[in-house]
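Biologist: Please take me through how to read the features of a structure, one at a time.

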Amino acid sequence: MSNQRYVQGLAKLTEIDGEAGEKVINSLANICPDLGKYIIEYPFGDIYQREGLDLKTRELVTVAALTALGYCQPQLNVHINGALNVGCAPQEIVEVILQMSVYAGFPAALNGMFVAKAVFAERELNVV
């Protein structure tokens, strides 16, 4: 079962994050490869495989959570790219981050918005 979880998880990670997700996993190879394995198996092999939420919704929820935490800019960058990869519009991402200003505060929303701005610039996307 574990091998199937890994294979399915790696496929889902690649579908959402492309090379960025694989780079994160590969960066753990020389310090803690088990962490990379767990990231593939649990979130992407189990949770992302569940019915009930489509990938767009899962990525928007992830963007909201990482924004609310306020200190996860590298992971937020990956998941904003992931949200765009699965069909989220830049404006949807902006609205999710803005919504977090109400519940997580302005500093967290500002941090999130600056990450989004950088991702949009890198991908040459206009929001306003």
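This is a predicted model: local features need pLDDT of at least 70, side-chain atom pairs count only at pLDDT 80 or more; totals for chains, interfaces and linings use all residues.

Modeller: Residues are numbered from 1 along each chain as its sequence is written, and side-chain values use heavy atoms, with hydrogens and water left out.

Biologist: How many salt bridges are there?

Modeller: A salt bridge is a side-chain nitrogen of Lys or Arg within 4 Å of a carboxyl oxygen of Asp or Glu. That rule gives five salt bridges. In one of them Arg-5 pairs with Glu-41, with 3.8 Å between the closest N and O atoms. This pair links distant parts of the chain, as Arg-5 is in helix α1 and Glu-41 in helix α3 (residues 33-44), 36 residues apart. Helices here are DSSP runs of H or I with at least four residues, numbered from the N terminus.

Biologist: Are Arg-5 and Glu-41 buried or exposed?

Modeller: Buried means under 20% relative accessible area, exposed means over 50%, and partly exposed lies in between (1.4 Å probe, protein chains only). Both Arg-5 and Glu-41 are buried. Glu-41 also meets Lys-37 in a salt bridge, at 3.9 Å from N to O. Lys-37 and Glu-41 are four residues apart in helix α3, so about one helical turn separates them. Lys-37 is partly exposed, with a relative accessible area of 32%.

Biologist: Which salt bridge does Glu-92 make?

Modeller: Glu-92 meets Lys-56 at 3.8 Å, N to O. Here too the pair links distant parts of the chain: Glu-92 belongs to helix α6 and Lys-56 to helix α4, 36 residues apart. Salt bridges with shared partners join Arg-5, Lys-37, Glu-41 and Asp-46 into one network.

Biologist: Which residues touch the most other members of the largest nonpolar core?

Modeller: A nonpolar core is a set of buried Ala, Val, Leu, Ile, Met, Phe, Trp, Tyr and Cys residues joined through side-chain atoms within 4.5 Å. The largest has 19 residues, of which Val-63, Ile-80, Ile-93 and Phe-120 touch the most other members. Helices α4 (55-69), α5 (73-85), α6 (90-103) and α7 each supply at least two of its residues, and α6 gives the most, with five. Apart from this core lies another of eight residues, including Leu-13, Ile-16, Ile-40 and Leu-55.

Biologist: Which residues make the nonpolar surface patch?

Modeller: Patches are made of residues with over 30% relative accessible area and no salt bridge; like charges are joined within 9 Å, nonpolar side chains (Val, Leu, Ile, Met, Phe, Trp, Tyr) within 5 Å. Accessible areas come from the Shrake-Rupley method with a 1.4 Å probe, and for residues only the protein chains shown count as cover. Phe-106, Leu-110 and Phe-114 make a nonpolar patch of about 360 Å². Phe-114 lies in helix α7 (residues 106-122) and is exposed at 53% relative accessible area.

Biologist: How many disulfides are found?

Modeller: A disulfide is a pair of cysteine sulfur atoms within 2.5 Å. A search of the whole structure finds zero. For Cys-32, the nearest cysteine sulfur is that of Cys-72, 18 Å away, which is too far for a bond.
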